[in-house]
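Let's take a walk through this model together. Have a look at it first, and then we'll go through a few of its parts.

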Amino acid sequence: MNRVHIVGAGLAGLAAGVRLTVAGYPVTLYESNGHAGGRCRSFHDSVLDCMIDNGNHLLLSGNCSARTFLREIGAEDTMSGPSEADFPFIDLKTGDRWSVRLNSGAFPWWLLSRERRPPDTSILDFLSMLRLAWAGPDATVTDILKYDDAVFTRFAEPLAIAALNTPLNTAAARPLWNVLRETFGRGGAACRPLIARDGLSRSFVDPALGVLRRFGAGIWFNQRLRDLDISNSVVRNLRFGNMSIEVAPTEKVVFALPPIGLNAVMPEISVPTGSHAIVNAHFKLPTPISGMQGKSLLGVVGGIAEWVFIRGSILSVTVSAADELAKKSAAEIGVLIWSDVARALDLPKNPPQFRIVKERRATFAQTPSAMRCRPGTKTQNKNLFSAGDWTDTGLPATIESAIRSGHNAAAAIIAS
Ligand SMILES: Cc1cc2nc3c(=O)[nH]c(=O)nc-3n(C[C@H](O)[C@H](O)[C@H](O)COP(=O)(O)OP(=O)(O)OC[C@H]3O[C@@H](n4cnc5c(N)ncnc54)[C@H](O)[C@@H]3O)c2cc1C
């Protein structure tokens with residue numbers, strides 16, 4: 001079979017590479033950084049002296065492409081989460097605490113139970129979210145959902161902002177519906193929250209590289225694609241920092257790059273231009289805490305903190321669409337976020353040691369106009385395919401979208 005050259009070793013590139021290499025294709029992977037994983041990786045932090053993730057990443061059990069990938073690389077058992085779809089929350093303004101607890105079957109009888117819904121919400125409020133199914137291409141989330149009622153502030157907003165990483169008055173409604181349909185729409189069994197127990201790299205990256213190496217794939221780090229030659233709609237040559245790769249006419253190329261990476265080498269392709277930040281605060285707890293009652297996830301509304309994750313002695317907090325917060329100093333952010341955490345979990349006022357990670361371009365700004373610039377898998381060049389969370393999967397820019405795009409590229413190559 002003919003070689004496939006994959007540029008970009010984030011989850012999209014890794015997913016395409018694993019599929020193709022297992023299917024018998026010779027694969028070569030090129031990555032500009034010295035490591036794989038892109039926006040989904042772990043690193044050793046010298047301040048906390050432990051491995052941390054660049055950001056908390058939450059999967060849902062209904063993320064079927066991501067879970068298939070984990071199975072393919074033998075890492076499904078590295079994800080942990082509750083046996084039921086259970087999302088505990090606190091409202092810092094009122095002190096109310098509640099859990100959204102779905103029943104596992106597809107018929108949503110959990111909506112009938114007051115104890116399983118946020119306070120002050122009714123079943124009709126939830127049913128009104130079905131209007132998202134008919135959202136037009138120009139509709140934003142707040143065009144469709146009433147944004148001043150409890151079902152919005154206590155359920156839809158925290159989920160939607162985490163999924164879309166875009167202020168909801170500018171975020172496209174359609175991808176939100178697609179993700180709800182694949183998870184909440186299939187019942188609690190598809191909505192169990194899952195986190196990488198030992199860190200993102202141990203779940204998603206290291207095992208994928210292991211499979212690629214076992215099957216003899218070439219993996220080149222520190223190779224930034226700078227330029228390429230195309231003639232007669234066929235990619236002929238890829239030029240990296242210090243090497244030039246001839247692409248035979250029968251060989252295929254996958255660009256699994258972020259929008260600005262693709263735009264730098266192919267300015268003629270229109271890509272979404274804006275992006276939004278995600279800020280993560282990682283705190284090293286001196287002693288284990290009991291405030292989360294054995295749960296590893298807590299949704300916070302009415303403050304700056306949005307989602308709190310606990311893994312061993314590291315308590316991490318995520319804030320999405322955090323462009324304004326990211327402008328503050330790390331010291332300020334740590335104190336601000338800890339003040340929410342201390343109130344939510346009844347902890348001492350002074351923060352323990354912390355590390356702030358600002359991912360300024362965490363995802364593209366997922367507005368209706370950006371949705372129109374998402375390219376498909378096939379390009380106008382016969383041997384070139386595109387992948388990446390921002391390509392046209394219909395989903396928000398998430399792990400599920402990245403992996404699905406990689407699988408789509410692999411399927412298109414196998415089919416061709
Ligand atoms: C802080 C944070 C929190 C997140 N939380 C969640 C979450 O809770 N749940 C969820 O599902 N998703 C989450 N995401 C989104 C998720 O991380 C991404 O959707 C996914 O990792 C994107 O993968 P990708 O392969 O499409 O892109 P990338 O990870 O960006 O991979 C692209 C790769 O291409 C490389 N590259 C770029 N230019 C070149 C070049 N010229 N030559 C060679 N290589 C190049 C890059 O170095 C990178 O490794 C989060 C993202 C961030 C940043």
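A residue is called buried if 20 or more other C-beta atoms lie within 10 Å of its own, exposed if 12 or fewer do, and partly exposed in between, with C-beta atoms placed from the backbone. E306 has 24 C-beta neighbours inside 10 Å, so this residue counts as buried.

Before going on, two notes on the model. It is a predicted one, where local features need pLDDT of at least 70 and side-chain atom pairs count only at pLDDT 80 or more, while totals for chains, interfaces and linings use all residues. Residues are numbered from 1 along each chain as its sequence is written.

Where does E306 lie? You'll find E306 in the loop between strand 16 (297-301) and strand 17 (307-311); strands here are DSSP runs of E with at least two residues, and helices are runs of H or I with at least four, numbered from the N terminus. Leaving out residues up to four places away in sequence, E306 touches P158, I161, A162, V300, T318, V319 and S320 (contact: C-beta atoms, placed from the backbone, within 7 Å). S320 is 14 residues from E306 along the chain, and their C-alpha atoms are separated by 7.7 Å.

Now for the domains, whose bounds come from an automatic or database domain assignment. Domain 1 covers 4-43 + 200-273 + 367-415, and domain 2 covers 86-191. Their C-alpha centres lie 33 Å apart. The contact between them takes seven residues from domain 1 and 15 residues from domain 2.

Key. Two residues are in contact if their C-beta atoms, placed from the backbone, lie within 7 Å.
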